[in-house]
Structure formats: C-alpha cells, structure tokens
Amino acid sequence: MAGIGFELRRLSQSQTYFGLLRAYAYAGIVSSGPWVLSIAAILMLGMLSIGLVIPSVQITRFQVSVTWLIALSLIYTGGFQLIYTRYVADRLFERRPDCVVPNLTGALLVLLLPASVMVSIAMLVWFPGTSAAYRLLMITGFVLLCMVWVLTVLLSGLKQFRAVLLIYLLGYGSVLLVALWWRPYGMEGLLGGFVVGQLVLVLGMARLVWQEYPPTRLVGMDFFRHQQNRLWLIPAGILFNAGVWVDKFIFWLSPGTGDRIIGVLYSSVIYDTPTFLAYLTIVPGMAVFLFRMEVDFVHAYDRYFNLVRSGGTLPAIEEQRREMVIAARHGIRDILGTQGLTLLVLIAFARVILPALGISVLYSGQLAIISLGVMLQLLVMAALNILFYLDDLRETVVITAVMLVANAVCSWISIALGPYFYGYGFACGMLIATVVALPLVNRRLSRLNYETFMHTR
Amino acid sequence: MTDAFAVDILLLLEGTYPYVKGGVSSWVHEIIRGMPQFRFGIVFLGSRESDYAGWRYELPTNVAFVQSHFLFDAVSTPPKLPCRRDRGPSPTIEAALREFHEKLQTACPDIPSSRQLADPASPVGHGMFLDSDSAWQYLTERYETSALAESFVDYFWTVRNLHAPLWILGQIAAKVPPARLFFSPSTGYAGLLGAMCSQQGNAPYVLMEHGIYTRERRIDMMKAEWIRDHRNFLQTDQGEISHLRSLWVQFFETASRQSYSKANPVISLFDRARRQQIADGADEARTRIIPNGVEIERFRGLRRALDAPVPQVMALIGRVVPIKDIKNFIRAAAIAGQKLPHLQAWIIGPTEEDPPYADECRELVQSLGLENIVQFLGFRRVEDVLPGIGVNVLSSVSEGLPLSVLEGFAAGIPAVTTDVGACREMLEGSGRDDDVSGVAGGVAGLADPDGLASHIVSLLSDPQRYREAVETAIARVEKRYDRLTMLATFERIFREAMD
C-alpha cells in the first residue's frame, strides 16, 4: 500500500512555506479530487453544451438525472461501503489478501441484483414517455455508480489516493470526451458519455484492486459471516449519506422550490446552484482534514496502540493518548481556520466570482450560508472518522441519525420561512450535528484508556 | 444422621479427588471409606474441564453428591452492567472495592459474603470489578503506587485473571448445600471457598495441608513462562522476582491467610510444615499435626527375623523424575559400592513420566560403570519388592510426608533420606509425647551423595546399628503413623468441630 501519510509527512518536512503549501495542495487534490472532478465535469458539460444541445432543457434533464443517480447510489451503498472497507482491512491484517477480490464480487452481486431489479421497475413505471435508451442508460448508470463508490472508498481506505485520483481524471476525461462527441444525440448522448466514463472508472479501479490483491477464486461469500459486531456501520453509512442529501431532496420535492424535470425527478434551481458551488469550497478544508487525520492523528493512534500492545507503562500510554487528543484538536481547529478563511474570501469576492461563472449575484448570500454548512459537515466527518478509528460504532449511528433528522427538520422549516432563509436549514442542521458529535468525540478520547482496557467484552 | 443438612462433611477439593490420582486423592479416598458413619459431599474445583479425563475413583457409597466447577472455563462471566458508562467513578464504590481488597489482604475475617460477591448490583460484584470506572480508578492507582515500571497491559490482565476466580468461588459458595462441616485438604482456591462457605453457612471449617500450597505455588510461579516478564539484562538482580510474578504469589498468600483465619484447626502433616503455616499467618494455637498413616497389617508379615542376614540392597521407590533426584541416588550407589562389594541398587518406579530424564539417569549409570550394581526395575507392587530390600533410600529435593518410607518401616526396613519435608521427624523422632525415641536410619543433606552413602554403608555393614534402626522404625510407625490412629484422630476432630 502506498502510504499517503508517509508522503505527506515527507512533503511537510521541507520546512519552507512553499513546501508546506505544496503538501497541503497535494492533500487537497488527492482527498477532494474525485468529488470536485465529478461536480466540475457535470457543470462543464452543461456549459459546453449550451447552444449545441437543443432544446437546452435536455441539458437540465441530463444534469438532474445524473444528480439523482449519484444521490441515490451513494445512499444505497452507504452502509456497505463502510462495512466492506473494514472487512478488507481485517483480512489484510490477517495477511489474507486473496480474500479481497472474491468477496468484492460476491458482495457486489448480492448488493446489485436487487438494486438493478428495483431500478428497472422504477424506470419502467415512473418514466413514461422517455426513450428506451434513456431508461437503459439510467439503469446501467445506477449499477455502475454503486460499484464506483464501493471501489473508491475501498481504495481510499487502503490509502490509494493518488491512484484513485488518476483513474478519476481518466474516467471524467472520458465522460467529457464521449459526451461532447455524442452531443448530437441530445440528453441520451450526454448521459451515454457519463455512463461510459463510469465504466472506465469501474474497470480502472477493479484492475487496480485485482493487481494489488491477486485473487485465487472469483466469488466468495465469507464476507457475510464476519460482520456481526460491525452491523452498526450499515445504519451509520446509510444515515450519513441520507443526512448529506436530505435537504436537497426536500428542496427538490417541495412545491414552492422544486420543479419536475423528467419522470419523477425534480430539481430546484434556486437551491442547487449555490449548493454545488458551496461544495467546491470544501477543497482547502478537505486538505487539512486529510492532513491532520491521516498524518497526525493516525500517527498518534498507531503509536498509542503499539505501546499498549508492546507493554508500555501507563504514564507512557497516557502521554500518547494526549498526543491523539492534540492531533484531533488541531484537526478541528485547522478545519475551522481554513474553511473560515475560504468563507471570508468567498463573501468578499462573491460579487466578482459569481458573474464570472455566469451566475446571478443574488445567490451570494445563500452561497455563503451553505458554505458555512459545508464547513460544519466537514467537522462532523472529522468526528465520525475519529470514532470509526476507535471502533465506537454506536456513537456514529447516533450522530448520523441526528444529522439526518436535524437537516431534514431545519430545511423544512427554512422553506416555510421563505426564500431569504434557504440554506439556513442545512447550516443549522449541520450545526446541531456538530454540537452533538464533538462532545461525544471529546468524551471518547478522554476515556480512551478506560475503554481500551476495560471495555473489551 | 438425618436432619436439615444435606451432608455432614462437605469436602472442598482443588485439582485432586476424584478426577486425579495421587497422594492427596488416595488420602481423601481413605478418609471417606474409613468413616462410613458420615455422609460426605464433594465440591471439586478444576482448571478446565478438558484438563481432566473423568473420575478416576469409584466413589464410596457414603458420598451423597459431587459438584464440579471449572474455574478457567470462563462460562460464568457476568452480564455487562447496564448504563455503567455514564456512571463515572463513584467514591462509594471505590471505597467498597478498596475495603474489600484490604480485608482480603490482611485476612480480616469479615470479607464481603459470597451473596454480596454473587450479586451483580453489589459494589463488590464481578460486573463492577470488570466494568466500573471505580474499579479502573482503583486499579490504575494501585499500578501507579506499586508497579510503575511494569508493562501496563500485562499488569492489567494479571490483576484481572488472578482475581476472577474470587467471584466464581463466591457464586459456588452461595449455592453449596448446607453442611455441618467444611473441610479442605489444601488452601488456595479450595481454601478461599472454605473460608467463604464457613462464613456464609456459619459452620466450622477444618483445613488440612498436605503440601504447603503457598510454597508450591511460589515454585510454580518462578517457573511459569506464561507470565510475561519485562525485565532486561540491565535489571541485574536476577534473584528478585518481577512484580507480576509476585502478584500471583501474593494472591495465593492472601488465599492462605484467608483460609487460616477461618479454619480451626489448621492441620499439617509434620512440624516443619506447621511452622511454615505459622510463618504464613496461621494462629499457632489452632495448628495441629496429624501425620499420614499406613495400614500396618498389610506389611507386618513382610518383616524379617531380627537375626536374619540383611540383603545388601539399597532401593529407591518412586517415579524417575527430577524432583526425586535419582542422579543423587546413583552417585550415592557409586560411592557406597566402593565399600560394599556385594551392593545392589534398585530403582523401583515408572520411567515413562520424564523419558529424557530417565535416559540421562541411564547414561549416568553407564558413565560411572555401575551397570552391575544399579538396576531399573520399573513399576512393582511394594509388597513384592520390600522383602528383598536392605535400606530404603529417598534422595528427593522436595517431599511432604513420603508414604514409601512409612511402608518400609511397617515392613521393618530402615531408611536413609535427604533432609526434606517430614523425613528428619520420621527418622529421628519428633520429641513429642506421641512418639518413640531412637533413629530409624539416617538423614543427609540435599544433593549430598557422600552423606547418603556413609549412612547406607554404616547401616548395611553394622548389624548392631541396623537392628536398632529396624526396632525404632517398627515402633515409630506403629505408634505414630498408623492409619487407624489417623482416622480416629480425624473422626474426633470432625465430631468436636461439629459440636
């Protein structure tokens, strides 16, 4: 495994301001790369197609279809992503890498067979008047996206950030190329490009996994036997992804804010535009997040548990526990710092940036508040990540459930309060989740010694 | 005796009868068989069920029941405490744990009752020990005051493992059927159980120690490789045992002190053992010596006439294992053989237990050129070999009260032994009223083949000394080591304790 932590540490040790900046830039690209690339590609496709795909509602239909595909596939695979990554980490710890691929295919079969049946039925029933090509592409797209998420999180869990980034560049490059080439076929052409790109992604990542962990069988089912004590990861993963998307769904489906675009798919121009832009501001925060988690926290975490296992004295163990607390605290502080700064820049220059992107400056207020929400979401992710590392899975379910409910309720209230409050619901929901998550992490870290030793049965 | 009591005497047996053959087990079997007027119950404490291959004895009809408990099978871990994680350290619980611990260690007689130990909600319950913040608090505090340089993970698990049987014993004690008297032939876990049962049932507890449990455990612990020892070569004082080992030793010392504090009388086999018990915390006024006995009648017919020629045969009856120091016997045979041209040396006992050691012994015989003198006879019935033996030799480095010496005495054969266990008392007399004077052979130091050899030569070549030794041996075994006397003494003690 290529240790990203090691590489980042090497880059950051170059003592100069430029060296540190380079390290952060690298971390930013590898951590948020796939995320940014997919949003950027869809927005870019839209822009490049204006005037070429006629009528332009075809472009909107394409974008909305892809957004729904992404949202639903993320939620559907949310629990499985986490639990499968854990399973792989355990097998690698046991030095049984040959289990990785057979169980991936086995588990994907079980996961995707019902999904493709359900999606097929939905496409047949709820999309009257759409072409057969569209329906087929949507079904294929959904299945491929599910595989993309599982593979991405698997490779990221194995710290293969750079390889993932390269494959994403290749994948979304293909999306752009193929979609531009098939533009004459309208919405179906754009969607076809997207699906081809996902296929490239799946093949690329599958090849990488196959290379790293040569299998001895094709299909294995022992994955399902190992997971009794990990089952909490399933609700945690599903609730997290649902919590991230629930405000969007509410805006899409509310009569005042959403429009029916195609079949049963809705969108909300007034909410989606600032939201997508806000998610692009996450890049600096993600860099810090990755840096602090994968370098400082994991380093302290490894030293802590090595010390426990190798028979360190209690004062030495306590010293390492403090190091972990410090790393976590610095992580949170730095996420606040960088995202706060990004937010300030955004507020100061919104009047310049937005028109340059062809977006009305009226969105600037909403953009700022949603960006604040995104920053808080990052804090929740940091907290969840620490709890995942410490195997405190029940707490992660509590936090993600709070996040889902708070985001839903607050967003619903914000719609009732009127356009001025759009975005405040999301920020408020994330704030509540943060307020719940951080004390839980604090408590868990302060009781780490007790939990490590006494909480073993 | 039919009344509210399920049995008269409840035997608390650790790792012995009826699952394991051996000295203590046959003694227990004799006691039960010899007292048909009492109804016995047995509570057996074992390590893991898989360590035993079922009962090895046919139980006498006056055994009403056998309960078996396996302390390390870990079937009885308590349910987790509800909501414990939000409780935080509680001063009351910590104080209760501290008090319990201090009472245990100082052998304070009113430790928490077995019902309190078995109650999951009690501040000294097992769940509290395993899960509570207070227990964690107390444990880390003890670690910081006593064991700072130790690996914490090893300290933690040592403390957990060595205390775990306390609660299992508490549960067992809370459920034992009522008895008029509790009896255990050792301290250790059985002794702790005895203390708990007697406190709870308000019934007397009689303790008998065949070996000195604490001393044996101390030897085990020094040898135990499973206790991880974090010393390195810079910690040069190799004589000092590491803290983790001493924790185990301390635990067994505590168990002994607890049993001594509740038991009356505290019985031992010989005076040296009694003095060790007193040193380990037993009240001198409660101590008693009751030696083992042999069935005199079985051996009476084997005695030779006093003027019959003495067979020039020195013999060791025992297993060929290092603790018997067979090499010491072989070396003594080599030295004695130079003075006694017709000397024969027999080693009578199984060689299968430690084959490498047996091979070493055979090689030693060869290298000393003793093939014509030393013979390995393997296992034999004592009655068959005793008539051919001149002197019964015991070269052990450790013994309690060896029955083979007494059986030799009953057959009119003097003994030469190392100075271990009860040997000096058996050979030279205890100087007490219930004993006879005179020397029944000779005593040499440990690993002193010259000493053994000089006694053997002197006995086999001096008919006057030999005759005196034979007379003393017979007189002493009949007066002091008769099985019937032993049984009668125990019966009297049991009756007195029950009233």
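In this predicted model, ring pairs join A:Tyr450, A:Phe453, B:Trp136, B:Tyr143, B:Phe152, B:Tyr155, B:Phe156 and B:Trp157 into a cluster. Rings of Phe, Tyr and Trp (its six-membered ring) pair if their centres lie within 6.5 Å, and planes under 30 degrees apart count as stacked, over 60 as edge-to-face and the rest as tilted. Over all chains, 51 aromatic pairs are found. One of them is edge-to-face and joins B:Phe251 to B:Phe252, at 5.6 Å centre to centre and with 75 degrees between the planes. B:Phe251 counts as buried because its relative accessibility is 7%, and B:Phe252 counts as buried at 4% (buried: under 20% relative accessible area, 1.4 Å probe, protein chains only).

A:Lys248 lies over the face of A:Trp245, 5.8 Å from the ring centre; B:Lys21 lies over the face of B:Tyr57, at 4.8 Å.

In chain A, helix 11 (residues 314–356) and helix 12 (residues 364–389) pack at about 165 degrees with their axes 10 Å apart. The two helices are therefore roughly antiparallel (angles over 145 degrees). Contact (heavy atoms within 4.5 Å) involves residues including A:Ile332, A:Leu336 and A:Leu343 of helix 11 and A:Leu367, A:Leu372 and A:Leu379 of helix 12.

Residues are numbered from 1 along each chain as its sequence is written, and chains are lettered from A in the order in which they are written. Local features need pLDDT of at least 70 and side-chain atom pairs count only at pLDDT 80 or more, while side-chain values use heavy atoms, without hydrogens and water.

Terms used: Buried means under 20% relative accessible area, exposed over 50%, partly exposed in between (1.4 Å probe, protein chains only). A charge sits over a ring if NZ of Lys or CZ of Arg is within 6 Å of the ring centre and within 35 degrees of the ring normal. Axes are lines fitted to C-alpha atoms, for helices over the stretch in contact, and angles run from 0 to 180 degrees between N-to-C directions. Helices (H or I, at least four residues) and strands (E, at least two) are DSSP runs, numbered from the N terminus. Angles under 35 degrees count as roughly parallel, over 145 as roughly antiparallel, 65 to 115 as roughly perpendicular and the rest as oblique.
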